[in-house]
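Work through each task before reading its solution.

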Amino acid sequence: MHAMQQYRQRQRRRKLIIAGSVFVVLVTAIACIVAAAAKKSDNSKYADKYVAKYNKSDSDWYDKYAKKWVDKYAPSTTAKPTTQEPTTKTEEASTTMESTTKYSTPDYNGHTTNGNKAGSAIKGLLKHFGLKDAADVTWAHAVNSQEELDTALGDEKIMMLEADVVMDPVRNIPIMAHPPANSSDLTLEQFLTHSLKHSEEKGIKLDFKQDEALNASIAVMQKAFKARETPLPPIILNADILVGPNSNENQTTPVSPDLFFTALAPFKTTILSPGWTTKFIGNASEGYNNTDANEMTKLIQQNIVQQDLTFPVRASLVALNPKPMHLLLNQMQDKVSLTVWTAKNDTYDPEDLGFLRLYAKKVFFDLPADEVEAIKKASFVNKIPKGLIPDIGNDNIPF
């Protein structure tokens, strides 16, 4: 009798163990299903927050929301450069921007720019001005005379001074002027001396228009930068090195890419700004294309560029085809930005540039203030590429 009771107790325990195991399996399965459903709805949750955040004046929205999608989805939606040319050993050895430096030349002065190491200059530029949104950087464009320089230096609202560098054919020195002009009352040496001596805050962007002007400017920049005892303000060094949309070499000769990257390699803490020669021809204009982006990326990789980069892009042409901008920004995310500029007779709809607000810390606007404000207010959600934010998809994607 006692043995029978023990047997029944063992049977009950076995049944309880089996029932418990089944219960654990069921609970685990339900938990997995719930987790999967929650994960699947994350994009909708973040999308709602994204739209809500954009409609508020919080410039942290990129880091908190947009970057999640850029990092996760952009690699699958923005293909890497493809060309018909065979891959070279140089390309294979330099597939990222973090490669070992090609040059052993020391930095021009040992200074850092705003206390930043090479490779962090874009973040340093925003930090220098106490900003989180690159669209809030203000510019004085074409500061090519003594009067314009004095005016810009005296304007507390201006943060960056943009100026053009050409050769004076008479004095054979670099001066501040925009082609076809080749004379000026302001030399590059005077521009740098005055700007760096009298301005602790304003940054500088130099746009070199000719090989000769770039060559002649190296020693001038080295001297001016060495003479400054405090850290340099943000410095951007720009030149058009590729033929771009609606342009050809017979109209505008690009600066030599090899010269640009080699001559400026020692200026390690500056931001390099390699661009394209372009024209705007009204309704007949063509925008940037994937080939433009891929050719630039290839040059960057071949030259193993160490500095941060900001690609100068023409607003009216960016508006015609957004995809190359995503290609540029997403292939080299950590070290690149865009600087959007415009010319006097260009026309575009600021609404078409709203998609650039995906990259709030990486897109500068060297544009009139009213146009910048219009871009900030653009209903840009409809301009986001398919797959980047899947749950805000629609059929109005512009490419």
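**Exercise 1.** How many residues line the largest pocket, and which of them lie nearest its centre?

*Solution.* The model is predicted, local features need pLDDT of at least 70, side-chain atom pairs count only at pLDDT 80 or more, and totals for chains, interfaces and linings use all residues. Residues are numbered from 1 along each chain as its sequence is written, and side-chain values use heavy atoms, with hydrogens and water left out.

Step 1. A pocket is an open set of points on a 1 Å grid over the protein atoms alone, where a 1.4 Å probe fits, with protein on both sides within 12 Å along at least five of seven lines; lining residues have an atom within 4 Å of a point.

Step 2. The lining of the largest pocket comprises 31 residues, and His178, Asp207, Lys209, Asp240 and Thr252 lie nearest the centre.

Step 3. By class, this lining holds 10 nonpolar, 10 polar and 11 charged residues. Strand 4 gives the most, three residues.

**Exercise 2.** Describe how helix 10 and helix 12 pack.

*Solution.* Step 1. Two packed helices are described by the angle between their axes and the distance between the axes.

Step 1. Helix 10 (residues 290-302) packs against helix 12 (residues 323-331) at about 25 degrees, the axes being 8 Å apart. Helix 10 is therefore roughly parallel to helix 12 (angles under 35 degrees count as such).

Step 2. Asn290, Ala293, Asn294 and Thr297 of helix 10 meet Lys323, Pro324, Leu327, Leu328 and Gln331 of helix 12. The residues of this contact are four nonpolar, four polar and one charged.

Definitions and conventions. Axes are lines fitted to C-alpha atoms, for helices over the stretch in contact, and angles run from 0 to 180 degrees between N-to-C directions. Helices (H or I, at least four residues) and strands (E, at least two) are DSSP runs, numbered from the N terminus. Angles under 35 degrees count as roughly parallel, over 145 as roughly antiparallel, 65 to 115 as roughly perpendicular and the rest as oblique. Contact means heavy atoms within 4.5 Å. Ala, Val, Leu, Ile, Met, Phe, Trp, Tyr, Cys and Pro count as nonpolar, Asp, Glu, Lys and Arg as charged, and the others, Gly among them, as polar.
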